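Please read the points below with the model open beside you.

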Amino acid sequence: MERFEEILGTISGYVWGIPLLVLIVGTGIYLTVRLGFLQLRLLPYALKLTFSKNIDKDSKGDISHFQALSTAMAATVGTGNIVGVATAVVLGGPGAVFWMWLSAFFGMATKYGEAVLAVKYRVTDAKGQMAGGPMYYLEHGLKQKWLAVLFAIFGAIAAFGIGNMTQSNSVASIVDETFGLTPWATGLILTAFAGLVILGGIKTIGKVTSFFVPFMVLFYVIAGLVIMVMNFDLIPAAVGTIFSAAFTGEAAAGGAIGAAIRYGVARGVFSNEAGLGSAPIAAAAAKTDMPGRQALVSMTQVLFDTLIVCSITGITIVMSGLYLDSGLEGAPLTSAAFGQFLGGVGPYVVAFGLIFFATSTIIGWSYYGEKCFQYLFKNPSLLIVYRILFVAAVFLGSTASLTVVWTFSDVMNGLMAIPNLIGLLGLSGVIVFETKRIVAKAKEEKEAKADLARSGN
């Protein structure tokens, strides 16, 4: 078994090596340039769409813009925001946070492009629900069904690991450490909750996540902001350290700048999933009249996940200085950093944050895995089998040792990105065309609103 773990670890190192990270960030840079830095130009409009209740409510789709965003956020805001960021700072130094920010900026364009294609090429399944994502735009847009099948296989498998058992294992561990509740008891509670939500399908998932996600994100962000306000004098030095270390490799493994870039980019992608092809599966279910409209909403996911939530974790850890010589990493490092500033309350904030984040990831990824499975096996009656197996895996993950599962799923997760990025680059012209449509529509709506305001005076 140890030999098998070593082989998997080697494969994972190759899959998540520099070539894939360059391809992911390079795709984001390419789309950013082709779209004229859309993530800056249209961000105010994107935020307006995100929090508007009545836009597109009568359009085709299963859930609202916000519910689609919440489902995607549920899947991405997970252990990566607490564990992944801490690991990046330990292995890559504080400069890793800068490279995380930079990759997230370009990742916003990637996330936008994925969602455009997901809505553009979505189909209505046998149950009358929307089905979309990389497997559909690879088959119907790029005309490469073999790539679509590969993506669906990787996605269906990865859902059980990265999106399920590793998350429930993290929850069981932190609950055991913080509250003394045995893993099997935590597993039963998690399994019951996940079952109630997942077995209800996308509409139930959308309703639950639209309530759950804002609450959990606000809970963690407010705690982080309290730290920032109470220790405002430490922020300039911490941010200065992040920027200087980004180009010097200070406190990174071996003092190498490459470590800061590698771990910053890798953990950023692991957290916000820009380029992996998972989030567009949720975007395809949204009620919308234009691909670009939902894509702008999906783009804000990276803003919330990495540029806000991950930043809270990263800056707090750098401010604490514990990454230097405490010997801690992962969740214990984040917990200790919060504890340094919030006292005994700090570890509980991190514990509850991890519980919320990981549980929401299970819910969001259940939908991703289901849609990949549905693409491979067209029989709708088989979906209940997948859901039951997925729910059962929650309990298994809570009580089992998951080294092999984590590594294998990590490989599958990385392999998802390759066909998806090929699709994004190959269909970039479609993304540009749909962007021109939404820009024109936004201008039209703005002019109509101005005319209405003038006529009312």
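1. At what angle do helix α7 and helix α15 pack? The model is a predicted one, in which local features need pLDDT of at least 70, side-chain atom pairs count only at pLDDT 80 or more, and totals for chains, interfaces and linings use all residues. Residues are numbered from 1 along each chain as its sequence is written, and side-chain values use heavy atoms, with hydrogens and water left out.

2. Helix α7 (residues 95–120) and helix α15 (residues 291–320) pack at about 160°, with their axes 7 Å apart. That makes α7 roughly antiparallel to α15, a term for angles over 145 degrees. The residues of this contact divide into 18 nonpolar, 8 polar and 2 charged.

3. Turning to the cysteines, Cys310 is buried at 1% relative accessibility, and Cys372 is likewise buried, at 1%; buried means under 20% relative accessible area, with a 1.4 Å probe and protein chains only. The count of disulfides comes to 0, where a disulfide is a pair of cysteine sulfur atoms within 2.5 Å.

4. The protein chain has 21 helices and 2 strands, which are DSSP runs (helices H or I, at least four residues; strands E, at least two). Its radius of gyration, taken over C-alpha atoms, is 21 Å, close to the 23 Å that the globule rule gives for 457 residues, so the chain is as compact as a globular protein of that length; the rule is 2.2 Å times the number of residues to the power 0.38.

5. Buried residues make up 58% of the 457 residues in the protein chain.

Note on methods:
Axes are lines fitted to C-alpha atoms, for helices over the stretch in contact, and angles run from 0 to 180 degrees between N-to-C directions. Angles under 35 degrees count as roughly parallel, over 145 as roughly antiparallel, 65 to 115 as roughly perpendicular and the rest as oblique. Ala, Val, Leu, Ile, Met, Phe, Trp, Tyr, Cys and Pro count as nonpolar, Asp, Glu, Lys and Arg as charged, and the others, Gly among them, as polar. Buried means under 20% relative accessible area, exposed over 50%, partly exposed in between (1.4 Å probe, protein chains only).
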